[in-house]
Amino acid sequence: DCSDIHFIPQKSHVQIFFRKQGRLHFFENVDKMEASTLFNALKIKAQIDFTKRNIPQNGQIAFHFNKKIIYGRISTLPCLHGESLVIRLHSQSNNTQYRYSWLANSNFLKTFLQASPGLWLICGPIGHGKTTTYYHLLNSQSRQQVLSLENPIEIPQPHIIQLKLSENTPTETYTRILLRQNINVVGIGEIRSQQQLKLAVNLAIT
C-alpha cells in the first residue's frame with residue numbers, strides 16, 4: 001500500500017514519488033505547468049488558498065477509488081524551485097480493518113479503558129498506524145463526550161466532535177470551551193508546536 005504521494009519540484013520539472021513501507025519510490029517526471037494545474041485542483045478541493053504559494057499550508061480531501069473512500073491530508077511547502085506538495089493517504093482498506101481488530105482485542109486497549117484521567121501519547125514512524133490507533137481509541141469511548149482537535153481534520157468520524165485546531169487561538173480559550181461543553185475525552189491529532197503541547201498538558205490536568 002502507498003502511504004504518501006510526494007511532488008518534488010526541480011528546475012525544469014516536478015518529480016513524483018510514492019512512499020511504500022517507509023521508502024520513496026520514483027514514479028515519473030511531469031511538466032511544471034501540468035503539475036501547477038494539478039496542485040491548484042487539489043488545493044481547491046482541500047479548501048486551501050491556491051493563490052498563496054509562499055507560505056506552508058495544509059488541508060484535507062476525500063475521493064473514491066475502487067469503491068473505497070480514501071482520505072488524504074495535503075501539505076504544501078515553498079522551496080527553491082517552486083512548491084513541494086505531499087499527500088498523506090488514509091485508506092479504509094482491509095489493512096486498516098485488521099489494525100482495528102487487533103486493537104479491539106489487545107491488552108493495550110483494556111488498559112486504556114480502565115486508566116485514570118491523564119495524558120496518553122501515541123508515537124511511531126510514518127505509516128505505522130498512529131492515526132488508525134488514535135481514532136480507534138477515541139471511538140472506544142462510546143459512553144463519553146469525545147472531542148478531537150485536529151489540523152487538518154483527517155478522517156470524518158460519525159460519533160466524535162471534530163474541531164479544526166487553530167494555532168492563533170489561545171490555549172485558555174480551548175480550555176474554557178471544553179469545560180462549558182462538558183467534554184470527557186479530548187484528543188489532539190498531532191503535537192507540533194509549544195502551543196499544542198501546552199494545550200495537551202493543561203487539558204490532562206484539568
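I began with the terms: two strands pair if DSSP finds at least two bridges between them, and helices (H or I, at least four residues) and strands (E, at least two) are DSSP runs numbered from the N terminus. I noted that this is a predicted model, in which local features need pLDDT of at least 70, side-chain atom pairs count only at pLDDT 80 or more, and totals for chains, interfaces and linings use all residues. Residues are numbered from 1 along each chain as its sequence is written, and side-chain values use heavy atoms, with hydrogens and water left out.

**Entry 1: the hairpin**

I looked up strand S1 (residues 2-9) and found that seven bridges join S1 to strand S2 (residues 13-20), the two running antiparallel. S1 and S2 form a hairpin with three residues between them, and within this pairing I found Phe-7 opposite Ile-16 in S2. I then checked burial (buried means under 20% relative accessible area, with a 1.4 Å probe and protein chains only). Six of the eight residues of S1 are buried, so the strand is largely enclosed by the rest of the structure.

**Entry 2: the open sheet**

Next I traced an open sheet of three strands, in the order S8-S7-S9, whose pairing is parallel. Strand S8 (161-164) and strand S9 (185-188) stand at the edges with a single partner strand each, so one side of each is left without a neighbour in the sheet. I recorded that four bridges join strand S7 (residues 146-150) to S8, and that Glu-150 stands opposite Lys-164 in S8.

How values were computed
Buried < 20%, exposed > 50% of the residue type's maximum accessible area, 1.4 Å probe, protein only.
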